[in-house]
Amino acid sequence: MAGSRKERVAAALRDELAELIVREIKDPRIHAAGLLTVTQVKLVDDLRVATVLVSFVGGSDEAATAAIVALGAAAGFLRGEVARRLTLRRAPELRFLHDRSAAAVARIDALLRGDGGDDG
């Protein structure tokens with residue numbers, strides 16, 4: 001079996017949102033935050049709400065926070081486009097969160113390599 005409906009819809013949402021944000025959203029707050037990646041989409045069991053985790057590379061935390069606010073403002077537009085493109089009868093409500101896990105992984109990697117610790 002190719003996965004549950006919830007998993008398939010989440011993967012399709014992730015792909016479509018990534019493309020839509022890059023190609024259709026013109027808000028400068030989003031593009032000022034650096035390279036944007038939709039890392040994960042988490043759906044509730046009834047598929048009515050999707051939490052979209054977004055990471056940024058190359059921008060400040062303030063710019064990332066502004067970008068999350070801008071994505072929240074564009075959520076209605078994105079929801080409609082996703083419903084149309086994926087032919088969903090009811091598209092989930094979109095909630096955007098900043099995914100800081102990539103920064104944490106980079107910091108741990110630097111510590112393990114000895115770049116961020118004492119040379120003792």
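Student: What should I keep in mind about numbering and confidence?

Tutor: Residues are numbered from 1 along each chain as its sequence is written, and side-chain values use heavy atoms, with hydrogens and water left out. Because the model is predicted, local features need pLDDT of at least 70 and side-chain atom pairs count only at pLDDT 80 or more, while totals for chains, interfaces and linings use all residues.

Student: Why is Leu 17 called buried?

Tutor: Buried means under 20% relative accessible area, exposed means over 50%, and partly exposed is in between, with a 1.4 Å probe and protein chains only. Leu 17 has a relative accessible area of 0%, and therefore counts as buried. Leu 17 belongs to helix 1, residues 5-24, where helices (H or I, at least four residues) and strands (E, at least two) are DSSP runs numbered from the N terminus.

Student: Which residues is Leu 17 in contact with, leaving aside its neighbours within four places in sequence?

Tutor: With contact meaning heavy atoms within 4.5 Å, the partners of Leu 17 are Val 38, Val 52, Leu 78, Val 82 and Leu 94. Leu 78 stands 61 residues away along the chain, yet the two C-alpha atoms are separated by 7.2 Å.

Student: What makes Leu 78 stand out in the largest nonpolar core?

Tutor: A nonpolar core is a set of buried Ala, Val, Leu, Ile, Met, Phe, Trp, Tyr and Cys residues joined through side-chain atoms within 4.5 Å. The largest such core has 31 residues, and Leu 78 and Phe 96 are those with the most contacts inside it. Two or more residues come from each of helix 1, strand 1, strand 2, helix 3, helix 4 (75-85) and strand 3.

Student: How do you know that strand 1 and strand 2 pair?

Tutor: Two strands pair if DSSP finds at least two bridges between them; strand 1 and strand 2 have eight, in the antiparallel sense, and Leu 36 has Phe 56 as its bridge partner in strand 2. Strand 2 (residues 49-57) also pairs with strand 3, in the parallel sense and over six bridges.

Student: Why are strand 1 and strand 3 said to stand at the edges?

Tutor: The three strands form an open sheet in the order 1-2-3, with mixed pairing. Strand 1 (35-43) and strand 3 (93-98) each have a single partner strand, so one side of each is left without a neighbour in the sheet.

Student: What makes Asp 45 and Lys 6 a salt bridge?

Tutor: The term requires a side-chain nitrogen of Lys or Arg within 4 Å of a carboxyl oxygen of Asp or Glu, and the N to O value for Asp 45 and Lys 6 is 2.9 Å. Asp 45 lies in the loop between strand 1 and strand 2 and Lys 6 in helix 1, so this pair ties together parts that are 39 residues apart in sequence. Asp 45, at 68% relative accessible area, is exposed, whereas Lys 6, at 31%, is partly exposed.

Student: How do you know that Arg 85 is partly exposed?

Tutor: The relative accessibility of Arg 85 is 30%, and therefore Arg 85 counts as partly exposed. Arg 85 forms a salt bridge with Glu 24, the closest N and O atoms being 4.0 Å apart. Arg 85 lies in helix 4 and Glu 24 in helix 1, so the pair ties together parts that are 61 residues apart in sequence.
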